[in-house]
Every structure is written in structure tokens, then in C-alpha cells.
Amino acid sequence: MLKYNIYKAMNRIKDVIVIACFACLAASCSNTGETCTVAEQTFNEAVYASGELFPETCHILKSGVPDRILKLAVKEGDNVRQGDVLVVLGTPADSGQIALLESLAAIAKSNARENSATLSEIRQKIALAQQQYEHDERNAGRYRELLNIQAVSRKETEQSVMIAEKSRAGYNGLQQQYIAQKSRLANQLLEAENRLAEARRSQQAKELTSPVSGRIYSINFKEGELAASNEAILMIGSPDRYRLELSVDERDINKIGLGQKVFFETDAFAGRQFEAVVVKINPVLQKETRNFNVEATVESNGIFYPQSSVEAGIVIRERAKALMIPSDYLLQGDSVLLQSSIKEARKIKVTTGIRNDNCVEIINGLKTGDIILKKQ
């Protein structure tokens with residue numbers, strides 16, 4: 001595995017950094033630490049990037065309209081499944097309204113049943129009216145027969161017929177009343193159920209569910225607090241896969257390619273180094289920063305903290321060879337002290353290449369085997 005110095009060792013002024021095998025570099029220097037034999041070293045060249053760490057699949061749960069947090073059904077660290085209710089928006093009055101509408105719908109349903117008290121009472125009246133009508137109709141028939149034999153007067157017969165017709169009208173009226181009452185109760189039930197369904201749909205719209213299966217990483221509100229429209233309420237993401245969202249200077253983007261290794265550190269794990277691979281390069285320049293966004297999939301195992309800041313090196317050249325010297329042997333103006341004899345040394349100009357705080361590439365001016373001195 002490549003040795004990678006901590007990111008304080010990255011030259012943040014330079015855009016290109018060197019990942020070098022410092023053990024080999026040290027071995028080429030004398031034991032006194034005052035001279036160093038120039039030798040060809042193997043190194044890896046990388047581009048500096050910074051950014052943040054996120055779950056590989058990451059979703060921010062938001063409310064479409066301003067509303068209060070009525071209930072948090074989860075807590076940070078919980079594992080949830082797709083479709084689980086995570087947050088309920090609204091106020092206690094909303095729940096009370098649904099309970100009231102449920103009660104009213106239950107009453108309306110009870111009243112609309114065939115055996116309800118209201119309909120049963122009318123049916124009893126209908127039965128009595130039917131009995132009365134049938135009695136009066138038979139009685140009118142007898143008067144007609146008696147009129148034929150002149151046992152009763154015409155006036156008495158007409159009165160009996162009128163009584164029968166009145167009874168029939170009362171009977172028919174009660175039947176119409178029953179039909180109307182039944183229809184009215186059915187409409188009341190339908191209206192109550194519609195109001196309840198609408199309230200439930202409204203409540204369901206306030207139940208924010210998980211779009212994926214994963215882990216709850218952060219919750220930004222407490223119950224009772226007001227969440228503004230499109231304000232992040234919580235973050236949910238994959239529990240064991242992570243990605244980096246990196247920012248690369250526009251001068252370096254042409255050096256970046258898919259599949260390149262990325263070594264990164266995060267303050268949450270100070271001193272530890274992790275590895276990732278470039279999987280996406282956004283070709284659109286971010287005008288505010290003059291940088292490009294690059295995404296990398298984390299390959300190292302571990303539980304990371306989402307939105308942690310990271311500093312990274314994207315390896316653009318692996319196992320390249322060059323003449324490398326320790327940085328503290330380089331004099332101001334890019335020159336070195338070359339030992340020309342045992343007692344003499346002369347200052348010579350060199351051409352440098354990539355560098356960081358620990359080592360410098362020498363392109364011209366020195367050759368393998370040259371001995372250089374550290375300035376006292």
C-alpha cells in the first residue's frame with residue numbers, strides 16, 4: 001500500500017503533490033544527516049482536492065410546505081426500511097380533528113344501518129299504518145256490501161271509504177318518509193366518510209416516509225418545532241457504503257480520470273488514511289469556486305460520519321521515477337550545495353519539478369551519485 005504523509009505535508013500552495021517513498025530517500029542520505037547522495041526515487045504524483053463525505057446513497061427528507069413536527073418516529077442511528085413513516089407533520093389539533101371525524105363517520109354509519117333506531121321507528125309506524133289501512137279498507141268494503149242491500153246509508157259508506165283512503169295516504173306517506181330518511185342517512189354517511197377520507201389524505205401527505213432502506217444519520221428538528229418549506233428535516237443513507245464529493249481546481253481537472261485512486265483523511269479519524277476510487281467527474285465548472293466536482297467511492301471499510309470534511313490526493317501518476325532530494329537541502333533560488341571534493345562544495349543552480357514539504361524533484365542540474373550538503 002502506498003505510503004501517504006498526513007495532509008499537513010501537502011503543499012497547499014501547489015496544485016500537484018508528491019507521494020514519495022521517504023524511507024528510500026532517507027536511506028540515500030549519509031548517517032550524519034548533513035549530506036545526501038542524489039538517487040532516483042519512485043514516487044506517485046497526485047492532485048490535491050478537498051470536499052465532504054456522504055453515504056453512497058443519500059437522501060435529505062424535506063417538507064413541501066411550512067409545518068410543525070408533530071412526531072418523530074425515528075432517532076439518529078436507527079435502521080429503517082423503504083416506506084417506513086419517519087416524520088409526521090402537523091399539530092395535535094390535526095389528530096383531534098381526525099378522531100372527531102372518525103367518530104362522526106361511525107355515528108353516520110350506525111344511523112344508516114337497516115336496524116338503526118331512526119329507521120326502525122319509521123318501519124314500526126309503517127307497520128301500524130299498514131294494519132290500520134288494511135282494517136279501514138276491509139271496513140269500507142263491508143259498507144259497500146251493506147249499501148247494496150240498503151243496510152247502511154250512502155253517507156256512512158262514503159265516510160268509510162274516505163277513512164280508508166286517508167289511512168292509505170298515511171301508509172304511503174310513511175313509506176315515502178322511510179325512503180327519504182334512508183337516502184338522507186346514506187348521504188350523511190357518504191359525506192362523513194368523504195370528510196374523513198380527505199382528512200386522512202391530508203394527514204397522509206404529512207407523513208414523510210423513507211424513500212430507501214438505510215440508516216438515519218442526522219435529525220435537525222425536535223417535535224413541536226417549525227420546519228420551513230424545503231428545509232432539511234433529516235438525512236437517511238446507505239449504512240455501509242460511502243462516497244466523497246470533492247472539489248478540484250480547474251487547472252487540474254484535465255489530469256483526473258475515472259478509476260484513479262484517491263487517498264483521503266477526515267478530521268473525525270485524525271491520523272488515519274483511507275482509500276477511494278474516482279467514479280464520476282462533473283464536466284460543469286462551478287463559477288463560484290472555479291472548481292470542478294469529482295465523486296469517488298470509498299473502498300476502505302469503516303463507519304464514517306456524513307458531511308465530514310475531507311482532504312484528499314487523487315493519484316495521477318503511479319510509480320514514476322525521478323531524482324528526488326529532501327526539501328531542506330534546496331537553497332533559496334532553487335540551488336544546492338554540490339560537494340565537488342572532500343573539502344570543497346559549490347553552489348549550483350538546479351531546475352525543480354513537483355515538490356511538497358518533504359521532497360523536491362530535480363529535473364536538471366544534478367545526476368545520480370552526486371553528493372549535496374545541507375546548509376548549516
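User: Why is C58 called partly exposed?

Analyst: C58 has a relative accessible area of 22%. Buried means under 20% relative accessible area, exposed means over 50%, and partly exposed lies in between, with a 1.4 Å probe and protein chains only. C58 is therefore partly exposed. The model is predicted: local features need pLDDT of at least 70, side-chain atom pairs count only at pLDDT 80 or more, and totals for chains, interfaces and linings use all residues. Residues are numbered from 1 along each chain as its sequence is written, and side-chain values use heavy atoms, with hydrogens and water left out.

User: What makes C359 count as buried?

Analyst: The relative accessibility of C359 is 0%, so C359 counts as buried.

User: How many disulfides does the structure hold?

Analyst: The structure holds zero disulfides; a disulfide is a pair of cysteine sulfur atoms within 2.5 Å.

User: How do you know that E56 and R241 meet in a salt bridge?

Analyst: Their side chains come to 3.8 Å, N to O. A salt bridge is a side-chain nitrogen of Lys or Arg within 4 Å of a carboxyl oxygen of Asp or Glu, so the pair of E56 and R241 qualifies. E56 lies in the loop between β3 and β4, and R241 in the loop between β11 and β12, so the pair ties together parts 185 residues apart in sequence. Helices (H or I, at least four residues) and strands (E, at least two) are DSSP runs, numbered from the N terminus. E56 is partly exposed at 33%, and R241 is partly exposed at 35%.

User: What do K182 and E114 tie together?

Analyst: K182 and E114 meet in a salt bridge at 2.2 Å, N to O. K182 lies in helix α4 (residues 154–205) and E114 in the loop between α2 and α3, so the pair ties together parts that are 68 residues apart in sequence.

User: What separates K125 and E121 in helix α3?

Analyst: K125 and E121 are four residues apart in helix α3, which means about one helical turn. Their salt bridge has its closest N and O atoms 3.8 Å apart. Elsewhere, salt bridges that share partners join E114, R123 and K182 into one network.

User: Why do β2 and β18 stand at the edges of their sheet?

Analyst: Four strands form an open sheet in the order β2-β21-β17-β18, with antiparallel pairing. β2 (35–37) and β18 (345–349) each have a single partner strand, so one side of each is left without a neighbour in the sheet. Two strands pair if DSSP finds at least two bridges between them; β17 and β21 are joined by two bridges.
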